[in-house]
Amino acid sequence: MTHATEPRPAQAPPGDRTSTRPKRRGGRIVLLTLLVLLIAAGGTGYWLYNGLDRNIKGVDLDKAIGDDRPAKLPTSGQNLLILGSDSRDGANAALHTGHVSGARSDTALVMHIPEGRTRAVAVSIPRDTLVTRPECTKADGRTVRGANRVMFNSIYSQVGPACVVKTVEQMSGVRMDHYMEIDFAGFKGLVDAIGGVTVNVPQDIHDSSSGLNLTAGTHRLDGTQSLQFVRTRHGIGDGSDLGRIGLQQQFMLALLSEVRKQDLMGSPTKAYTVADKLTAALTTDSQLASLTKLAEFGRSLNGVDPANMETIMLPVAYDRIDPNRVVAAMPQAGELWKAIRSDAEIPESAKKSPATGG
């Protein structure tokens with residue numbers, strides 16, 4: 001299948017690559033944390049539990065990928081691949097998702113939880129990153145040959161989520177213990193269920209592509225506006241995906257703050273509504289595809305303090321052949337993945353990206 005993409009410049013204008021890098025510290029890990037907390041609070045009866053449990057969809061990674069995978073961490077640490085998918089069909093068609101058919105992985109991060117599980121690091125992978133896609137098996141059993149210089153966010157639509165996991169594992173050498181995916185429209189329902197999220201906009205944003213129009217100042221965003229906010233790229237910075245990563249991190253911090261402020265744990269009815277919206281949009285690996293398994297995994301993360309969470313971007317450089325794309329920057333990216341593979345502290349040098357367009 002041919003994957004069509006609209007022009008997405010990743011390069012800052014010549015002579016103007018000094019724009020401020022997006023903040024790396026943030027709370028995009030909140031999607032997982034929010035999920036397990038809300039599930040625990042929402043399942044107050046069997047019929048509630050059963051309804052939420054049926055919402056969750058599962059992907060059997062072991063069957064799809066086989067044994068061609070990196071070794072597990074030598075410690076009790078965990079690695080998760082979290083994707084935000086943006087199907088252009090159904091409810092998503094009216095959300096300013098563009099004119100590309102099928103579904104794509106709009107947001108991707110590798111979340112590493114070191115041994116002891118008291119802190120976490122989330123590594124954002126820019127969607128415009130050129131990668132080597134390995135040979136993969138689709139859900140219908142067909143084999144898709146590997147390919148070089150493939151845009152990262154095209155893999156989901158062309159081959160499926162298991163191939164995204166396999167690609168990340170082979171490019172990093174890091175075994176993904178679990179997989180989580182939230183659908184684009186489901187994210188909208190989540191924000192609407194909590195009554196919106198407040199963000200501070202330092203400058204006017206006018207993006208005809210995402211449909212977002214905000215003046216500088218404080219705004220209360222509903223679900224549709226929130227999606228536009230985390231997807232906008234043409235209305236801020238140099239119009240690159242690198243700049244949007246900063247907005248996504250800002251929004252997730254605001255979302256976490258909103259959840260805490262509302263004390264959803266003290267309102268089982270509202271907690272169930274939010275959990276229902278979230279689980280309906282959720283796909284996980286088969287090992288987590290039930291409320292019981294998710295709750296058990298969530299309890300293992302109780303010691304993770306949000307104050308000790310860090311979000312960084314995979315170090316990337318502008319591609320020499322196609323300046324509208326980026327590639328993993330070496331040796332920084334190699335140092336980053338090596339630290340995660342050994343469950344070691346990530347050196348500061350591995351967090352610096354030559355491509356700074358934000």
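## Surroundings of E169

E169 touches I65, R69, P70, V174, R175 and M176, leaving out residues up to four places away in sequence; contact here means heavy atoms within 4.5 Å. The residue is found in helix α5 (residues 161-172), where helices are DSSP runs of H or I with at least four residues, strands are runs of E with at least two, and both are numbered from the N terminus. E169 counts as buried because its relative accessible area is 1%. Buried means under 20% relative accessible area, exposed over 50% and partly exposed in between, with a 1.4 Å probe and protein chains only.

## Basis of the model

This is a predicted model, in which local features need pLDDT of at least 70 and side-chain atom pairs count only at pLDDT 80 or more, while totals for chains, interfaces and linings use all residues. Residues are numbered from 1 along each chain as its sequence is written, and side-chain values use heavy atoms, with hydrogens and water left out.

## Overall organisation

The protein chain has 11 helices and 17 strands. Of its 358 residues, 57% count as buried. Among contacts between residues at least 6 apart in sequence, 72% join residues at least 24 apart.

## Nonpolar cores

The largest nonpolar core has 41 residues, and those with the most contacts inside it are L81, V110, V123, F152, L314, L336 and W337. Such a core is a set of buried Ala, Val, Leu, Ile, Met, Phe, Trp, Tyr and Cys residues joined through side-chain atoms within 4.5 Å.

With neighbours within four places in sequence set aside, L81 is in contact with L109, V110, V164, V165, V168, M176, H178, Y179 and M180.

## Strand pairing

Strand β9 (residues 178-183) is mostly covered, with five of its six residues buried. Six bridges join β9 to strand β2 (residues 78-85), and the two run parallel; I82 stands opposite M180 in β9. With strand β14 (residues 282-285), β9 pairs in the antiparallel sense over three bridges, and the partner of E181 in β14 is T283. Strands are taken to pair if DSSP finds at least two bridges between them.

Strand β15 (residues 309-313) has five of its five residues buried. Both faces are covered, with M309, T311 and M313 on one side and E310 and I312 on the other. Five bridges join β15 to β4 in a parallel arrangement, and V121 has E310 as its bridge partner in β15.

## Helix α7

Seven of the nine residues of helix α7 (residues 223-231) are buried, namely G223, S226, L227, Q228, F229, V230 and R231. D222 caps the N-terminal end of α7, with a side-chain oxygen 3.2 Å from the backbone nitrogen of T224.

## Backbone exceptions

Most residues other than glycine have a negative phi, and most peptide bonds are trans. R117, which is not a glycine, has a positive phi of about 50°. R117 lies in the loop between β3 (105-113) and β4 (120-124) and is buried, with a relative accessible area of 17%. D343 likewise shows a positive phi, near 60°; D343 lies in the segment after α11 and counts as buried at 13% relative accessibility.

The peptide bond from M330 to P331 is cis, with omega near 10°. P331 lies in the loop between β17 (326-328) and α11 (332-341).

## Second largest pocket

About 270 Å³ of space lies in the second largest pocket, a volume being the space filled by probe spheres set on grid points, which are joined across faces, edges and corners. On a 1 Å grid over the protein atoms alone, probed at 1.4 Å, a pocket is an open set of points with protein on both sides within 12 Å along at least five of seven lines, and lining residues have an atom within 4 Å of a point.

The lining consists of V59, D60, K63, A64, T137, K138, A139, G141, V159, G160, P161 and A162. The elements that give two or more residues to this lining are α3 (61-65) and α5.

Technical notes
Polar contact = N/O pair within 3.5 Å; in protein donor to acceptor, adjacent residues only side chain to side chain.
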